[in-house]
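Work through the exercises below with the sequence and the model at hand. Each task is followed by a solution in steps.

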Amino acid sequence: MLTNIQQLPFDEVLIREYLLDNPDFFNRYPELLIAMRVPHAERGAVSLVERRQELLRQRVSELEEEITSLMKIATHNEKIFNFNNELSFKLLASKDLGDLRQALSEGLKGEFGFSHVRLITVHDIDSELANIWRHRLQSGYYFGRLTQSESSRLFGREVGSVALTKLSDNNGQVIFAIASKDPTHFHPDMDSLLFSQLRHLLDHILPQL
């Protein structure tokens, strides 16, 4: 009988579930906390108490890093919100298209250091722009890099990376284009919230100018 018991499989899952269901187990048998040893990569073996304390310290450190990261994101988002709010008032105060272009360009270049900010009207006779309109902006937005030919047509020179979007049909075929010298600044996975807000604002203002 003893031999048969010794040959039974060691079910770690059942032990784990039992300990989870009975968190006071080690309170009833405190001697086990000291007697049991856990392998440690640097210190050889440590007691369960030491191992638990180490895990708790690691978890606290991870939580502190998460909180710091969230605070940085919140600060960044607040900065963008304040900038977007200020720029919106300047755009709404524009008396004509020239004022709007200037406010838009100065605001975005000053805040983010972009190299180019443009509103470009697309004519079907211009095959290069028409191709960008049909293919790069098929989904309405494009973030990333362009060919040298496309960069030259949109900005007059080669740029690092771009953010492009179509304005609404009420404005005809107009591309709102921003360029950065940094090839990695704009990329396909980036958040388009600020860009979308500016696009909607331009869609509202331009027909009135």
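This is a predicted model: local features need pLDDT of at least 70, side-chain atom pairs count only at pLDDT 80 or more; totals for chains, interfaces and linings use all residues.

Residues are numbered from 1 along each chain as its sequence is written, and side-chain values use heavy atoms, with hydrogens and water left out.

**Exercise 1. The whole chain**

Task: State how many helices and strands the chain has, and what share of its residues is buried.

Solution. Step 1: the chain has nine helices and six strands; helices (H or I, at least four residues) and strands (E, at least two) are DSSP runs, numbered from the N terminus. Step 2: of the 209 residues, 32% are buried. Here buried means under 20% relative accessible area, exposed means over 50%, and partly exposed lies in between (1.4 Å probe, protein chains only). Step 3: the accessible surface is about 14200 Å², with 54% of it belonging to carbon and sulfur atoms; the areas come from the Shrake-Rupley method with a 1.4 Å probe, and for residues only the protein chains shown count as cover. Step 4: take the contacts (heavy atoms within 4.5 Å) between residues at least 6 apart in sequence; 49% of them join residues at least 24 apart.

**Exercise 2. Salt bridges**

Solution. Step 1: apply the criterion, a side-chain nitrogen of Lys or Arg within 4 Å of a carboxyl oxygen of Asp or Glu.

Step 1: aspartate 24 pairs with arginine 28, with the closest N and O atoms 3.0 Å apart. Aspartate 24 has 35% relative accessibility and is partly exposed; arginine 28, at 41%, is also partly exposed.

Step 2: glutamate 111 bridges to lysine 79 at 4.0 Å, N to O. Glutamate 111 is partly exposed at 29%.

Step 3: glutamate 150 bridges to arginine 136 at 2.9 Å, N to O. Glutamate 150 is buried, with a relative accessible area of 6%, whereas arginine 136 is partly exposed at 25%.

**Exercise 3. Surface patches**

Task: Which residues make the patch of negative charge, and which make the nonpolar patch?

Solution. Step 1: patches are made of residues with over 30% relative accessible area and no salt bridge; like charges are joined within 9 Å, and nonpolar side chains (Val, Leu, Ile, Met, Phe, Trp, Tyr) within 5 Å. Asp and Glu count as negative, Lys and Arg as positive, and His and the chain ends are not counted. The place of a charge is NZ of Lys, CZ of Arg, CG of Asp or CD of Glu.

Step 1: the negative patch on the surface consists of Asp11, Glu12, Glu17 and Asp21. Aspartate 21 lies in helix α2 (residues 12-21) and is exposed at 61%.

Step 2: Ile15, Tyr18 and Leu19 make a nonpolar patch of about 240 Å². Tyrosine 18 is found in helix α2 and is partly exposed at 40%.

**Exercise 4. A loop residue**

Task: Is threonine 184 buried or exposed, and where is its place?

Solution. Step 1: threonine 184 is in the loop between β6 (174-180) and α9 (193-205). Step 2: its relative accessible area is 57%, so threonine 184 is exposed. Step 3: threonine 184 and serine 161 are 23 residues apart in sequence and 6.5 Å apart in space, C-alpha to C-alpha.
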